[in-house]
Amino acid sequence: MADTSANGVSFAPAPAHRTGLVTADGRPLRSALARSSRRARRRAFFLVLPLLLFVLITFVVPIGQMLQRSVKNEGFSANMPQLSAWFHDNPRGTEPDDAAWAALAADLTAAAQARTIGVVGTRINYDMPGTRSLFTSAGRQARGGIEPPYREAILEMDARWGNPRLWSVMREAASPYTANFYLAAVDRTRDDQGDIVSAPAQQQIYGKLFLRTFWLSLAITATTFLLGFPVAHLLATLPMRQSNLLMILVLLPFWTSLLVRTTAWIVLLQQQGVVNDVLVWLGVIGNNQRLQMIFNQTGTIIAMTHILLPFMILPLYSVMRTINPSYVRAARSLGATSWTAFRRIYFPQTLPGLGAGALLVFILAVGYYITPALVGGSSGQLISNMIAMHMTQTLNWSMAAALAALLLGGVLILYWVYDRLVGIDNLKLG
Amino acid sequence: MSKATAAARADTGAVTANDAFVAFERVQKSYDGETLVVKDLNLAIARGEFLTLLGPSGSGKTTSLMMLAGFETATSGEIRLAGRPINAVPPHRRGIGMVFQNYALFPHMTVGENLAFPLQVRGLGKVEREAKIMRALDMVQMGRFANRRPAQLSGGQQQRIALARALVFDPDLVLMDEPLGALDKQLREHMQYEIKQLHERIGITVVYVTHDQGEALTMSDRVAVFNDGRIQQLAPPAELYERPGNSFVAQFIGENNTLAGTIEQLQGDRALVRLGNGELIDATAVDIREVGQVTTVSIRPERVEFKPEMMPPGAHRIAAEVLEVIYMGDVLRTRMKVAGASDFVLKCRNTLGQRKLTPGETIEIGWHPEDARALDPV
Ligand SMILES: Nc1ncnc2c1ncn2[C@@H]1O[C@H](COP(=O)(O)OP(=O)(O)OP(=O)(O)O)[C@@H](O)[C@H]1O
Ligand SMILES: [Mg+2]
């Protein structure tokens, strides 16, 4: 290091070895700086503490629980302790012996008396559809106890108890932790030997649904871009008065209930709706050729594009507003046609806004629930509708959690890819 | 080359609209249909000339430049470039280089790409492009910076790149709209010098906009002083300063003493003016039509003398009361009361033996009648 006094500031004579700078009262500069900035940081921390707690309680904890639920289900293991213990002690492939049947009989009786047999049946039913009734009816018969020999007595109740697949499934469920929900979410299942195989063709629904969710979200992102870009440009370039008015129109959807907007689309697009009526009246289509524009994918795309449009327009607008018009003028004066000036000068500068808008719209679309539920029909349902179904109808929360976790993972991967390609720092949300 | 044209002009007087490189003829511009921002602009610019549009804010300089560049259309009148009317030619086919006040360097491109842009849109090959880019960068001594982004350059460096980009495709005409406005004083003066050098070396025609009169005077072959949408005077710098054509120009350029009065006698360009306090002075009639007219007499501070031995022969002498002496380093600026006006300024150089004036003292000052110019009343 050069002599510190060379820059005209006079320091105390520098010792031969470097000790670093010190403050006027002799403390090392570095630690003095750290101390003074630590105080400021601590104050700032206390200010954001309430928000931090709020986020922790309402966001991090529930998501953690959801993730846990996707791999943990105690419906079987907690209510069938003896059989679970037997599974634990005997390796896979062991034929159920007398001890196993005795454990099953004891657990069935106990569960029936504790009225938890339904929970057990539900848990097994997730992995092997149609078995819930097996448990509930066994529970009814076993309430008074089961007499030995247990194997014969139980097989007497229902011969299906001898099914090796049932035993394989019960073995899986005997451990509270399982990856089966994730397997099911990607259309995989386990065979009798516990190996992972493809689910039967008619049960392969999730893969298709994920793919459809992805493509529809992409289509919606593309249409919001095509429709939103010119609007954002107008917003950014019109004189104040007109642009304020336009901004109100853009924001208007936010002030109306989502349900009202969605049902308005039903009114417009249904077969006896306004659009079809007009087309028939104009003679574009015949009365018997009315278009199916709602309760299918078209309906989902149209309604969701409308709802998500502001999320594309606003980031684009905020970026476009900062683009000085002299850039395009400079390009024009340098000999570029207006198209070239747009393509090579204007458009690249809107990319941070476009990236933010596209990411926002895509992520919102991937998880959208209410609109596809209302206007999607059967072909316009997205993965979130399936999650909702597991939450409210089949009550298979573990399955819902697994699907949601996969969705979350997908979004995070997308985010990562975006960061790789464009860089998150280039994101401009407003 | 510009020297030659300037010399030629000195012989033949003003450039005529017919042989001009750039010509504005009766150009008017209105943005809102109610007020004229540019009123009847007539301007002829010779090839190779450095012409500056100078004027206060809002006087229509940028608007005139934008009409020439093609970003605004003239509401009426005609603009010609090299003899051809260009009112209907879109900006990208006018082939005019332009330097913007904020430089407008494309932020997402490197310096090299910025310079390549005008060459690419003209379809030049890579080899030819590289050569031209290097030449242009060397011209502004920025050869090492081709791979930087504009954001990684200082203001002065960005300015040079903007200049290089406007020149890289060899335009005949370059427009600059307050290109140095964002630079500090020292850098601005340095860049003024460099732009002027460049102009003389490559002989392009430059139309330059500024509201800094010093810049206009030092750089230009001719200066057009704008006010209120009109050219007030179009003349070489020395003439503009020494022989302002009206009160606005006299006030706007340099420091100026004014004495209000009425024309008592008029004989050719000699006028006898009666000042407010009844005193009669000789003056040169400039913007004067008739006897009895109200006038403002303009005298430059440095042409006023107060030492009897320095007084030019034939000087008009008048009594003055010293009000204030302001020390300004190189000069002592003395404010005094002359013929009723208390904002009359006299500048004396701060030399070793300079006689010190003290406030309250009454002295006699004088000037040559030629330096007293009777102009329109303010
Ligand atoms: N796009 C526009 N729309 C409406 N009025 C405008 C527009 N551009 C300029 N004006 C008006 O025209 C007048 C002249 O503006 P111009 O920009 O030509 O001034 P200027 O001489 O360049 O001033 P400055 O030195 O401040 O740059 C101003 O009164 C301005 O308000
Ligand atoms: Mg301007």
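A salt bridge is taken here as a side-chain nitrogen of Lys or Arg within 4 Å of a carboxyl oxygen of Asp or Glu. By this rule, Glu72(B) forms a salt bridge with Arg329(A), with the closest N and O atoms 3.7 Å apart. One salt bridge is found across the interface of chain A and chain B.

The model is predicted, so that local features need pLDDT of at least 70 and side-chain atom pairs count only at pLDDT 80 or more, while totals for chains, interfaces and linings use all residues. Residues are numbered from 1 along each chain as its sequence is written, chains are lettered from A and ligands numbered from 1 in the order in which they are written, and side-chain values use heavy atoms, with hydrogens and water left out.

The contact between the chains (heavy atoms within 4.5 Å) takes 17 residues from chain A and 23 residues from chain B. The buried area, defined as the accessible area (1.4 Å probe) that two parts lose on being put together, summed over both, is about 1800 Å² between chain A and chain B. Carbon and sulfur atoms give 64% of that area. In chain A, the residues that lose the most area to chain B are Arg329(A), Leu334(A) and Arg344(A), which together account for 38% of what that side buries.

Five residue pairs, both residues at pLDDT 80 or more, are in polar contact between chain A and chain B. A polar contact is a pair of N or O atoms within 3.5 Å; within protein, one must be able to donate a hydrogen and the other to accept it, and residues adjacent in sequence count only if both atoms are side-chain atoms. On the side of chain A that touches chain B, the elements giving two or more residues are helix 14 (325–333) and helix 15 (338–366) of chain A. Helices (H or I, at least four residues) and strands (E, at least two) are DSSP runs, numbered from the N terminus. Helix 14 of chain A gives the most to this side, with seven residues. The residues of this side divide into seven nonpolar, seven polar and three charged, where Ala, Val, Leu, Ile, Met, Phe, Trp, Tyr, Cys and Pro count as nonpolar, Asp, Glu, Lys and Arg as charged, and the others, Gly among them, as polar.

The residues around ligand 1 (a heavy atom within 4 Å) belong to chain B and include Tyr31(B), Lys61(B), Glu178(B) and His211(B). An oxygen atom of ligand 1 is 2.8 Å from a polar backbone atom of Gly58(B).

Arg26(B), in strand 1 (residues 22–29) of chain B, has a positive phi of about 50° although it is not a glycine.

For chain A, UniProt lists residues 210–418 as "domain: ABC transmembrane type-1", again in an unreviewed entry. Over these residues the chain is 79% helix and 0% strand. A cis peptide bond joins Pro148(A) and Pro149(A), with omega about -5°. Pro149(A) is placed in the loop between helix 5 (132–142) and helix 6 (150–157) of chain A.

How values were computed. UniProt positions are given in the numbering used here, feature names are shortened, and annotations may be inferred rather than shown by experiment.
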